[in-house]
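I opened my notebook to look a few things up in this one. Come along and keep the viewer handy.

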Amino acid sequence: MGLFVAQVLTGLANAAALFLVASGLSLIFGVTRIVNFAHGSFYMLGAFIGYSLMQVLPGMFGFWASVVLAGLAVGVIGVIVEICVLRPVYKAPELFQLVATFGVILVIQDLALLTWGADDVLGPRAPGLKGIVRIMDEPVPKYDLALIAITPFILFGLWYLIARTRVGILVRAATQDREMVGALGVNQAWLFTGVFFLGATLAGLGGAIQLPKGGADLLMDFNILAAIFVVVVIGGMGSLPGAYVAAVLISVLNVFGVTYLPQSTLVLMFVVMAVVLMIKPYGLFGREEVAGEHGQVGEPERPIKPAGIKVRVLVAVGILLLALLPVFGSSFSQVLTADVIIFCLFAASLHFILGLGGLVSFGHAAYFGGGAYVAALLVSYLQTPMEIAFLLAPVGAGFAAFIIGWLCMRLTGVYFAMLTLAFAQLLWSLVYQWGEFTGGDDGLVDIWPSEWLNSTTPYYYFTLVFGIGGILLLRHVAHSPFGYALRASRDSARQAEATGINTKRVQWLAFTFAGAVAGLSGALFVFSKGSVFPTELEVARSFDALIVIFLGGVKTLSGAIVGGASLEYAKDFLTRFEYWRLTLGLIIIFVVILAPEGISGTLRKLAERIGIMKDPDSNHSKIRNPAVNAKAHTRENTRENTREDP
Amino acid sequence: MKIQQLITSALVAAAIGLTGMSANAADTIKIGEINHYKRMAAFAGPYKNGIELGLQEINDAGGVLGKPLEFIYRDDQGKPGEAVKIAEELMTREEAVMLTGTILSHVGLAISSYAAEKKHLYLASEPLADSLVWEKGNEYTFRLRSSTYMQAAMLAEEAAKTDAKTYATIAPNYAYGKDAVAAFKKALTALKPEVEFVTEQWPALFKIDAGAEVQAIERAKPDAIYNVTFGGDLAKFVREGTTRGLFEGRHAYGLLTGEPEYLEPLADEAPVGWVVTGYPWYDLTDESNKAFVDAYQAKYEEGPKIGSLVGYMTAQSIAAGITKAGSTDTDAMIAAFKGLEVDTPVGKITFRGQDHQSTMGAFVGTVALKDGAGVLVDWKYKDGADYLPSDEEVKKLRPAAE
């Protein structure tokens, strides 16, 4: 019994920092709809700044003052990020801001390395709270008790702020309908900034307050990210009590997991999240996301159409150039380009469901890595010839997507995204944990192609054929009736249903198809590298694809390919330099601000403006966000904007 | 579909433009060094310093085969696929003669597989995984640093001397942690069959829930604890364990815990009394060790880490190998590395012909506090050669290379 109580107390103490960070994320998402990847970075900054302040400020007062000041300092950093990076891109398509926050992560990583050095720092202990007390004969650290006591006060304070003050009323109103709040004369920009300040402050506090239980290191930003997303989703996006309950639930379950099922540490929280979402699709305290509730931001997507003759010629020339690369390029340029093609195919497969289907998957790496593992396992255990293993990889990955898609299909929006992430993590931990079969994180090695392909140039052509082939196939499907049905399901599920389209089935099939194509790229990958490791199934790999889609332009067919090629080549070039993360992060932020429609979308506009490309349909070009086009609208009001309501 | 093709081809053209810039290759002997410089900056930094020091001495003494030795450092972001791409670039475009580097074992394994396929020499400097030279070992891969198995066996030898009967283990939940626990168990039960392992804890790497882990170990009431956690996990585990009195009256053994990379951040909270492997550079008095430490301190104004030592020895080993081979031909270098003897700060090491593992050993000692910092006392350098399995066993362990 004593142990049981002590374990619950440990869980509650662990929940403190988790709750603080997660509640900030939840608030930010609730009001601004920004999925803030940089939240882990705020947490890390809180820890480092808190640590530095504690070196200067002595005693018990100094300790707690440092915690508070660290929180406020991070809040100010949050405001700077919001004003400089996010404010210019609120008008961009939904989730686009996620790319900006990714740039922020990179910048903060290198700045933290510059400021605090590479070494881990151990947090100072809290003065006056160093020892233990015995509760039912079990030792419980005093600081744990302090954390347990503090958290409800913070929760209460936040609750009071949100439920009882005017600011809180505005925040809640904005969470429900921010256009309406704006229409009623509230300055949205400052409301958003204020919420960002609060959210970042909470993350900073979380980072500083956990110092006596650990310390600060440069990996902590990514290490907490998955956990806080899980907490926010289980609790229900935007719900503070939900975040608290979920933080406690996860932390306490984890303590018992450690004791009674020590191997469970990798997956436990994802299992909990998957179970909760299956039963309550919007988390414990969340409410249903109504499609379109938050308004369509950015300009509506143009209807896609088959490429004209000019474009076809251009593409053919491009492919010809790629095909001639072995003639004039070095052996390494072929390897690099093959890598880029493989990555572009992977990104394009995600773009297919994300752009055309409107289904945001955070776990697409599961099918890329899944395909790679299917091929690698076949080769390793059954000595399957490379050609057959290669063809079976997309089948296996498609099958995985088929199953996971079926399980996720009843959810929408961010919850759908998080459930795909949970399943991808489950698959990852299965591969990671099941060392006897999958090799664990030592992976599977010596997976090389057959003799006839096993040198640089033949494999380059092989990649070219299947990579470009896969991309053209995706494009072809987009123009097929199936592609039309998919877009109809995205744009207006109800009308699509009325015309006889089974929207869920169409989306499910699209998900499976995208998974299979991702599996194809995974197979190309594994035979080009000769080995595969669980890193190919990681969240980071999924996010790589997600980011290039937005960078390239989510509302253009070529977005994934443009974004993928640009980022891969940029990375290849930049990683040669010392502070490449800082540079890359700044470039990403720059592109995001200058080209909120992505590289491809912006280039297209530019081309239209200077007349290289013809505006595909001058009527459509006028159907833009009325605010953006207000000027043009008054100037040319002869052409009536027929669709005021986006 | 149009613009991206233009961009792609433009970028490809740019990439090709770069190839033209490749330096005039004949002047130096180039070594391709791939590491996680950003992802693991705390470890890769000192390692690189060690290499630079070694290079300086080698080149001041006239280089190798009459040419200066040069390392090309590249960051792989800690991704195996990226590392393979860079390896290809280093070998084909930069005209490196061989590859070295990596700390993370899986990245090392990826490069090792690539090296075997493309017939390049790879000296794995820091990755610890046993499989790198054993079950997945190949003709083209050599490894410098003493492996997980060797270091665990050294600790097991110390553990067997005590009367502890029940053991708890705590290790990060991935291949290195699992290897380290398996090796310790194997070595300890061989020496002392009556020991019993009462609990095994597997926290997720860098996501330890230290309070819960301590409670779970306390619940099993072991006589001794074997720790494999490191970095931030180690700091949290030690702090919670000390606060809650877990280590009182218990023996504790820590793999790598005494290495400056991990011990220094703990400062005055270093786990006193633990028996650990590490690197007591501040205490070394013999000529060769001292010379390295002094030179390192003179150049960088800080003490060397274990990574610095490994980096320095990497440069030394490569110089010795190429000199012995008399050329930079891969086959000649492989033949030279087999049985290659190198005079290093820790003494003479040999790259074994049978499994390509060097006999670099490790320092084993007890953690104590001195001037508010953890140090190793009563330490002893254990020669790696004494902790490797017999030749017959190695043959069985190395199926792929035969």
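Which residues touch the most other members of the largest nonpolar core? I found V231(A) and A375(A), in a core of 352 residues. Such a core is a set of buried Ala, Val, Leu, Ile, Met, Phe, Trp, Tyr and Cys residues joined through C-beta atoms within 7 Å. Helix α13 (residues 331–356) of chain A gives this core its largest share, 18 residues.

A note on the ground rules: this is a predicted model, where local features need pLDDT of at least 70, side-chain atom pairs count only at pLDDT 80 or more, and totals for chains, interfaces and linings use all residues. Residues are numbered from 1 along each chain as its sequence is written, while chains are lettered from A and ligands numbered from 1 in the order in which they are written.

**Around A375(A)**
I skipped neighbours within four places in sequence and looked up the contacts (C-beta atoms, placed from the backbone, within 7 Å). A375(A) is in contact with A389(A), F390(A), A393(A), I447(A), A523(A) and V526(A).

**L427(A)**
I located L427(A) in helix α16 (residues 413–433) of chain A; helices are DSSP runs of H or I with at least four residues, strands are E runs of at least two, and both are numbered from the N terminus. Is L427(A) buried or exposed? It counts as buried because it has 21 C-beta neighbours inside 10 Å; the cut-offs are 20 or more for buried, 12 or fewer for exposed, and partly exposed in between. Leaving out residues up to four places away in sequence, L427(A) touches A366(A), G370(A) and L537(A). From L427(A) to S66(A) I noted 361 residues in sequence and 41 Å in space, C-alpha to C-alpha.

**The sheet in chain B**
I traced an open, mixed sheet of seven strands, ordered β7-β6-β8-β9-β10-β13-β14; strands pair if DSSP finds at least two bridges between them. β7 (196–201) and β14 (373–382) of chain B are at the edges with a single partner strand each, so one side of each has no neighbour in the sheet.

β6 (residues 166–170) of chain B pairs with β7(B) in the parallel sense over five bridges, and T169(B) stands opposite E200(B).

**Between the chains**
How many residues of chain A are in contact with chain B? I noted 76 residues of chain A, against 68 residues of chain B.

Methods
Contact = placed C-beta atoms within 7 Å.
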